[in-house]
Amino acid sequence: MRAENLSLSYGSDPVINNLTLAINPGELTVLIGVNGCGKTSLLRALAGLHKPLSGTVFGAAQKQPQARRYDLAYLPQTLPERASLSVSELVLMGADAPNRWYPSRDTKERAKLALELLGMTTLADRACDTLSGGEYRRAALAACFAQGTPWLLLDEPCAGLDLHQSAVLMNGLSRWLKNDSKRGALVVLHDLNLCAQWADRCVLLNNGQIEADGDPETVLSSTALEDAYGQLQRFRHPQRDHLVVLGPQQ
Amino acid sequence: MKGISGIIGLIILGSVAQLWIGPNGFGWPADSFIAWQLRVPRLLLALGAGAGLAGCGLLLQVLLRNPLASPYTLGVGSASALGASVVMVAIPSASIGFGAWVGALLATALVLLLRRRAGLDNEALVLCGIAIALCASAGVLLLHYLADRATSSAMLRWTMGGLSSVGIWDGLTGVIPTVIGSLWLLWILPQLNLLQLGEDWAQSRGVAVEPLKASILVVVALWTGTLVAQAGPISFIGLIAPHMARRQFGYDLRRCAPATLGLGAGLLTCCDALARVVMAPAELPVGVLTALLGGPAFVALLLAKR
């Protein structure tokens, strides 16, 4: 999946300028950047939901929605309003072709596995409108897993989650990727420490352009990060072997 | 199971009441003309119009993601009243139903055109519908002002809705569009299920959202227009039946939609039977009764939800 010389805009306001990016299978690629830098627009363009101003998106976005659904699953930043659907209904809904009334046996199996990966099996029969925010995000991610696609595009899956819920979700995502080397994911995160802990590759977006791209260690210790976020404090975690980034000092 | 038997019971109760209730009491009419040319067509029209209005209400609630949407949200009801009024005032020899049908279609064509040209989102579509309804209502008022007293009275009576029908064909005009519309609704249910979770959600799961939305608007216009042409703008059924069904059967439309159709048919059939007895031997316009009962019932439903 890749975008070449991609430019996006909302009306006359440019969001992404002449950006080129390729996402590789087998990798958890994390997209970071300040609010409004174009992360969601880029994700939507890769998902075929935002028409480019210029440039090309290669891969699933070139296909019709009916065919695209077999290539990529997309988790929007704003989740559907919580209806009184059960978790398993939400996960199964859309896990199969959209003209199927009842899911196939394979789909049910995929849905079961997705719920297991995210620790949601015991909540399968709970109504979505009775779940906590974190549980609902995990249910929505399980719906993406159940789609059975090789690619995942996740827009802020950890938004509003506590440390534990975020870790459960990222752990499930990591396990999902490891189950098949052909799978790849592009995930928008705001928590740079989650990025340091879980990403295989980190892409820093600033003003609609890629400022840094590489392994998380390199990107998170680059000066480009401070150009985007301002002054930061960084140090290495004494027990775990990864970088810890603290927010800008006022 | 309890919910399904309730809906079936409601339909049976309404149907029996419709067929057996007459101006001279309760009983199967001795005259076969009354039975087969008056009561059976009226029952068919009540079943078809009730299920149809409920189905259209559900479709628009899902399309607009607005629980307050009804078949008339996009101005179809007022536009059809304007169409019918124009015919009554200007072309008395023409069919009132045809005028109403043309009015409904023109309103939807206008909504579709505005949506396509201006790229309107759901909220703007609703506002656009309100604007069309206001303009059409103003047109009806103007025609009331211009018309003589008898025509004005006929126009007013038409807007109250009614299921009086003569001949089996009148009944079938309610049933045929509803059978076709319901089959289409059942066909697209899995896609509607995804659409009610959001357009991005649906599109990334294989739904061609824009063609689906356009087809819903066209189907609702044809379906509602045909029913309103025959039965007049009957209110509340299209709003309340989807809410009642959702409350009993949940948000999964594979269960909720068939229940909505059944509830709509049962509610309108019962309301029409009641409209015939409540002021007997006179007949209360069914549209008045659905509004009278529907308003408090809707509030009760909302309070019960809390």
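Visitor: Before we turn to that part, what is the mean pLDDT of chain B, and what percentage of its residues reach 70 or more? After that, please look closely at helix H1 of chain A and tell me how it sits in the structure.

Guide: This is a predicted model, and for chain B the mean pLDDT is 87, with 98% of the residues reaching 70 or more. For the complex, the predictor gives an ipTM of 0.86 alongside a pTM of 0.88.

Helix H1 of chain A covers residues 39-46, and because seven of its eight residues are buried, the helix is largely enclosed by the rest of the structure. A residue counts as buried here if 20 or more other C-beta atoms lie within 10 Å of its own. The buried residues of H1(A) are A:Lys39, A:Ser41, A:Leu42, A:Leu43, A:Arg44, A:Ala45 and A:Leu46. Just after H1(A) comes A:Gly48, whose phi is positive, at about 80°.

The C-alpha trace of chain A spans about 50 × 45 × 35 Å along its principal axes, and buried residues make up 46% of the 250 residues. Of the contacts in chain A with a separation of 6 or more, 65% are between residues 24 or more positions apart.

The domain assignment divides chain A into domain 1 (1-71 + 149-165 + 179-250) and domain 2 (82-148). Taken over C-alpha atoms, the centres of these two domains of chain A are separated by 25 Å, and their contact takes eight residues from domain 1 and seven residues from domain 2. On the domain 1 side, the residues that touch domain 2 divide into three nonpolar, three polar and two charged.

Finally, there is the partner chain: 22 residues of chain A are in contact with 18 residues of chain B. On the side of chain A that touches chain B, the elements giving two or more residues are helix H2 (65-68) and strand E5 (72-75) of chain A, while the residues of that side comprise 13 nonpolar, six polar and three charged.

Technical notes
Residues numbered from 1 in each chain as written. Chains lettered and ligands numbered in written order. Predicted model: local features only at pLDDT ≥ 70, side-chain atom pairs only at ≥ 80, totals over all residues. Contact = placed C-beta atoms within 7 Å. Helix = DSSP H or I, 4+ residues; strand = E, 2+ residues; numbered from the N terminus. Nonpolar A, V, L, I, M, F, W, Y, C, P; charged D, E, K, R; others polar. Buried ≥ 20, exposed ≤ 12 C-beta atoms within 10 Å, placed from the backbone. Domains from an automatic or database assignment. pLDDT = per-residue confidence, 0-100.
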